[in-house]
Amino acid sequence: MTSLLPGAAAAQRVPVEEQSVAVVADPVNLTELRREAEKAAKDLEEATKALEQRRAQIRDSEKELSAKLRQLQEAERAFARIRQPLSDLVGLLYQQPIGGDVTGFLSGESDADTLRAMTGVTQLVAERQRILDDTSRLQQERERLAAEAQELRAANLLSEAQMAAEIETLRARSQKIVKSLTQALVKLGVKIDKKGQPAGGCDPTRTSSLTEFPNGLIPQAYLCPLQQKGNELRGDAALAFISLNEAYKRRFGKPMCVTDSYRSLAEQQSVYYRRPGFAAVPGRSNHGLGLAVDLCGGVERFRSPEFNWVEANGKKYGWIHPKWAYVSPFEPWHWEYDPKLGSLL
């Protein structure tokens, strides 16, 4: 499956089995654009998850630091409670000296009471100094941890800003690819809204969201229009079908004929009652998932040249004729998109 990238000027080489009356170069490679869009979306998702994990780590580290600072503050208050009575006692001793003065002590005539008093004062002063030293060390440790906390917060803010910028870049890249995809679809004749805005349903990155919606209840915004007026599919299936349609046009000189594509739940019920035995139970049809088309223009005739060509070439674009449609019920017109097969292309 080869085609031109957007803006390429060289003519496309068309495989022999796809040559026909008119050979027209496919103006874009929708498969490549789809891959780029899906990769951009995956990169954006991974970067967003990394940012959330980083934020969680930041919260955990800040909680740990806050807990340490609280412990240090409590220890400081405990030291203050111990230090205060000692400070008061030492101050009182200095205000009321024991033994009148230290003259007797210096002259060697001091008695035992004076010596005991002096020893007690010395011990009190030493104890007071020890507590002051411990408090000083405690304060230094507190200041160190506070500085570490500040540095960590600054680093966290910088890291988060860098990751946020990366996410914004990835988001812009994803939007640019989807815009290019929309422009490519316009060139191929796919109609978009009146404002010319990117067709939301043609964005393959939104495909994963479709699992949220029941069969037949996919919102209009999630469906991508086909070149065949009035028909639409989910994004990845639509892009693959449009590429298949371009190859079909090169082979037969005309677009594929589509009688049915996505069916709402109400439409499934209508078809089920109008064509009993030829339609799935409402709510169980692949049409309700935006993954199936019913074709005409010759493809609906088993073993016609058109049928054989789509059977031989459809898999190159992710489209298959399911096994059950060969036998029970026999529906040569029914074709389905296989997302697993399409993701490998």
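**Exercise 1.** Is Glu246 buried or exposed, and which residue forms a salt bridge with Glu246?

*Solution.* Start with accessibility: Glu246 has a relative accessible area of 9% and is therefore buried (buried means under 20%, exposed over 50%, partly exposed in between, with a 1.4 Å probe and protein chains only). Next, find the partner: Lys249 forms a salt bridge with Glu246, with the closest N and O atoms 3.1 Å apart (a side-chain nitrogen of Lys or Arg within 4 Å of a carboxyl oxygen of Asp or Glu). Lys249, at 28%, counts as partly exposed. Finally, Lys249 and Glu246 lie three residues apart in helix H4, so about one helical turn separates them.

A note before you continue: this is a predicted model, where local features need pLDDT of at least 70, side-chain atom pairs count only at pLDDT 80 or more, and totals for chains, interfaces and linings use all residues. Residues are numbered from 1 along each chain as its sequence is written, and side-chain values use heavy atoms, leaving out hydrogens and water.

**Exercise 2.** At what angle do helix H4 and helix H6 pack?

*Solution.* Helices here are DSSP runs (H or I, at least four residues), numbered from the N terminus. H4 (residues 235-252) and H6 (residues 305-313) pack at about 135°, their axes 11 Å apart. H4 and H6 are therefore oblique to each other (under 35 degrees is roughly parallel, over 145 roughly antiparallel, 65 to 115 roughly perpendicular, and the rest oblique).

Definitions and conventions:
Axes fitted to C-alpha atoms, helices over the stretch in contact; angles between N-to-C directions. Helix = DSSP H or I, 4+ residues; strand = E, 2+ residues; numbered from the N terminus.
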